Amino acid sequence: MKIIVCIKQVPDTTEIKIDPVTGTLIREGVPSIMNPDDKGGLELALRLKDEFGAHVTVITMGPPQAEAILREAYAMGADRAILLTDRKFAGADTLATSHALSGALRTLEYDLIIAGRQAIDGDTAQVGPQTAEHLDLPQVSYVEEVHYREGDRFLRVRKQTEEGYQILEVALPCMLTVLASASKARYMRVRGIVEAYGREMEIWTADKIDVDESKLGLKGSPTWVNKAFTRGVKPAGTVHEVTPEEAVDLIVGKLKEKFII
Amino acid sequence: MDFGFNKTEELFKQMICEFATREVKSLAAEIDEEERFPEETVKKMAETGLMGISVPVAYGGAGGSHLMYIMAVEELSRVCGTTGVILSAHTSLCVEPILQFGNETQKMKYLPKLASGEWLGAFGLTEPNAGTDAAGQQTYAVENGDSWVLNGTKIFITNANYADVFVVMAMTDKSQGTRGISAFIVEAGTPGFSIGKKEKKMGIRGSATAELIFENCRIPKENLLGKPGAGFKIAMITLDGGRIGIAAQALGIAQGAMDETIRYTQERKQFGKPISAFQNTQFQMAGLETKVQAARLLVYSASVRKGLGLPYAKDAAMAKLFASETAMEVTTKAVQFHGGYGYTREYPVERMMRDAKITEIYEGTSEVQKMVIAASLYPKK
């Protein structure tokens, strides 16, 4: 089985702050990490590798320093790493990013493409599904578990929903977007770390991939960020220990008080 | 000398920090309280390759640098002194002498399983009457047919109850003094070899420290490590390396106490302000930070020298002397900064203070380190 995992380097948002004046991220001194959902996706791929001998390629689009997460992926057990980097990709929104990724993926062989559900810097959850659409692949998003039997041409997956979960079968080749919580990602292996910087890093520019260049970067991006701001902290709520009947009266009363109903 | 980490070491630092924080820190108080050896942690360390960091790939290791191994001991000890010494004793005191003095058959037999963590290593030198004066070995080995027969008792042996392989010193020719001591590889479970009393200790309480008892213990002749009579030299060289490991443990404990104290002094308010706002706090912390960083440079310098194949005995002694005394000072002051809370087990600094003390004692007391350093100043003519 050939698996490609799409990963992204993101600022560790647990340590990030937003400049209250400009509304932009303060990136100085914030460590860059492999996006947690993507790491969960890589872990799923590596488990399929452990069990069935899959070949795992990791691919990322980003500035040259995004190489760091590809080295990390090597140290975890990935077999091949591709860095899509070009000024022509700069300023891409989710649509332009998905065009760039699908342009690269078209030139590669695969049975399964895995992406993280969403990145912790943008939280859109769009790139994986858009990429699947460009490639005309079946897709399952919010995947928590993957089951495969040797020789099958389909996967059985568990998809998280707001109400609970669904068990779905999806034909290969397909795209899955997965949750970090699906699987605790392994630590980098010490030997993998020692070897990571000696391994080949494929650097791909825009002319290497199969895509219409007008769909790339800023000019291929219909999304514009109008304003970014930090939401004010909500005051602590109040707790009322009452019967359900009293609760209804209380809530209706409060809503009327605020002229909502 | 440049102490900037290279990219491989940076990547390793990221991994070991994550591992220590997520897997080791949460267990530190529990294994201390229960005096329990953290078998589950050692298993996880084995999975990631931490039990064979600097062992060459040809012998099943990760092929990493000595500095990476030292960084691992430091980071583990930052959150748990016990876990740090388990790795240090395994690597410096068992894996290293087999790697350095073993023949090819011994290396192929023992190193892959030690490096993978399937086997845990330990080292037996200290005896009731042979501590700092290690030459006074009373354990003896006699050649008998195709075997060596060992008799005697070793004490204070780290990892004893859980180790699979032991490097053990024994007298083979008393008339030769220190040149009559030989080194042996002994496997757990060998008839005549048993583990005696487990010590109840002040600190590193999760570490299993116990006696090794040899009663007509017969081991194959090929388990002699190095040449007959080379044991004392092997032990001294092994301890030179081990000291860098213990220095790294001390450094990690000191850094852990700094981390806790920096956080606590910003949270704790007295007289209407955080105690970090008082100049007494700031000046004391500035002094401690400087000592910790000085210790770090000594430890890394000794490790880099060892990795480069340069002489490092004096550097290792200075690193251990300074790092262990720094650990004791930092942890004692950390408890003081925490006040009454610091004296309780609600906070980790009292454990760190108890753990720090042993670093001034084992693998050569501070006094022994001074003997080693002084000997380099006044060489025998």
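**Reading the sheet and the chain contact**

Modeller: Let us begin with one pair of residues in this predicted model: A:Phe154 has A:Ala171 as its bridge partner in S11(A).

Biologist: How many bridges join strand S10 of chain A to S11(A)?

Modeller: As a general idea, the strands of a sheet pair through backbone hydrogen bonds, and they do so either parallel or antiparallel. Here strand S10 (residues 154-160) of chain A is joined to S11(A) by 7 bridges, and the two run antiparallel.

Biologist: In what order do the 9 strands of the open sheet follow one another?

Modeller: In chain A the order is S11-S10-S9-S12-S8-S1-S6-S7-S13, with mixed pairing. Strand S11 (165-171) and strand S13 (202-204) of chain A each have a single partner strand, so these edge strands are each left with one side that has no neighbour in the sheet. From one strand to the next, the twist averages 35°.

Biologist: Which strands does helix H2 of chain A touch as it packs on the sheet?

Modeller: Helix H2 (residues 67-76) of chain A touches strand S6 (55-61) and strand S7 (80-84) of chain A, and its direction makes about 170° with that of S7(A). Helix H3 (residues 94-105) of chain A lies across several strands, including S1 (2-6) and S8 (112-116), and runs at about 145° to S6(A).

Biologist: How many residues of chain B are in contact with chain A?

Modeller: There are 14 in chain B, in contact with 12 residues of chain A. Helix H1 (residues 7-34) of chain B supplies the largest share of chain B's side, 7 residues. By class, that side has 7 nonpolar, 5 polar and 2 charged residues.

Conventions
Residues are numbered from 1 along each chain as its sequence is written. Chains are lettered from A and ligands numbered from 1 in the order in which they are written. This is a predicted model: local features need pLDDT of at least 70, side-chain atom pairs count only at pLDDT 80 or more; totals for chains, interfaces and linings use all residues. Two residues are in contact if their C-beta atoms, placed from the backbone, lie within 7 Å. Helices (H or I, at least four residues) and strands (E, at least two) are DSSP runs, numbered from the N terminus. Ala, Val, Leu, Ile, Met, Phe, Trp, Tyr, Cys and Pro count as nonpolar, Asp, Glu, Lys and Arg as charged, and the others, Gly among them, as polar. Two strands pair if DSSP finds at least two bridges between them. Axes are lines fitted to C-alpha atoms, for helices over the stretch in contact, and angles run from 0 to 180 degrees between N-to-C directions.
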